[in-house]
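Dear colleague,

My notes on it follow.

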Amino acid sequence: MPLYLSRFNYTPETWARMIVHPEDRSKAAQSYIESVGGKLHGFWYAFGTHDGYNLWEAPDNVSMAAVALAIGGGGALSSFETTVLLTVEETLDALRKAEQVQYRAPGT
């Protein structure tokens with residue numbers, strides 16, 4: 001199954017609610033991805049550009065998109081970005097296929 005890396009930021013209101021009622025949100029994230037047949041591999045909070053990161057496995061892009069849409073539409077986050085991760089083998093396959101693409105630079 002494909003792997004996905006998500007980066008998210010909570011809204012100030014979400015942080016305020018969590019200060020009053022601390023909660024392990026990894027359990028919620030796990031239930032979201034499992035509802036589409038996937039698996040949560042990790043959930044981390046961080047200092048820096050993003051408040052947290054998730055590493056997910058989902059059956060396909062549509063399933064992951066469904067989870068991302070549900071989470072993003074929930075109102076607790078100010079941003080949610082998801083990146084499809086490629087294995088080394090998939091990247092090697094893409095490199096081999098790239099050789100077959102007849103690319104032409106603009107204006108040439």
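**The largest pocket**

The largest pocket holds about 340 Å³ of space. A pocket here is an open set of points on a 1 Å grid over the protein atoms alone, where a 1.4 Å probe fits, with protein on both sides within 12 Å along at least five of seven lines; lining residues have an atom within 4 Å of a point. Grid points are joined across faces, edges and corners, and the volume is the space filled by probe spheres set on the points. The lining is made of 19 residues, and those closest to the pocket centre are Tyr10, Arg25, Tyr32, Ile71 and Ala76. Two or more lining residues come from each of β1 (3-10), α1 (12-20), α2 (25-34), β3 (52-57), α3 (61-72) and β4 (77-85). Helices (H or I, at least four residues) and strands (E, at least two) are DSSP runs, numbered from the N terminus. By class, the lining has 13 nonpolar, 3 polar and 3 charged residues (Ala, Val, Leu, Ile, Met, Phe, Trp, Tyr, Cys and Pro count as nonpolar, Asp, Glu, Lys and Arg as charged, the others, Gly among them, as polar).

This is a predicted model, in which local features need pLDDT of at least 70 and side-chain atom pairs count only at pLDDT 80 or more, while totals for chains, interfaces and linings use all residues. Residues are numbered from 1 along each chain as its sequence is written, and side-chain values use heavy atoms, with hydrogens and water left out.

**Salt bridges**

The whole structure has 4 salt bridges (a side-chain nitrogen of Lys or Arg within 4 Å of a carboxyl oxygen of Asp or Glu). One of them joins Arg7 to Glu81, with the closest N and O atoms 3.2 Å apart. Arg7 is in strand β1 and Glu81 in strand β4, so this pair ties together parts 74 residues apart in sequence. Arg7 is buried at 15% relative accessible area, whereas Glu81 is partly exposed at 35% (buried is under 20%, exposed over 50%, partly exposed in between; 1.4 Å probe, protein chains only).

Asp93 and Arg96 form another, at 3.1 Å from N to O. Both belong to helix α4 (residues 88-98) and sit 3 residues apart, about one turn of the helix.

**Ile33**

Ile33 is in helix α2 and is buried, at 0% relative accessibility. Leaving aside residues up to four places away in sequence, Ile33 touches Gly38, Lys39, Leu40, Trp56, Glu57, Ala58, Met64 and Val67 (contact means heavy atoms within 4.5 Å).

Regards
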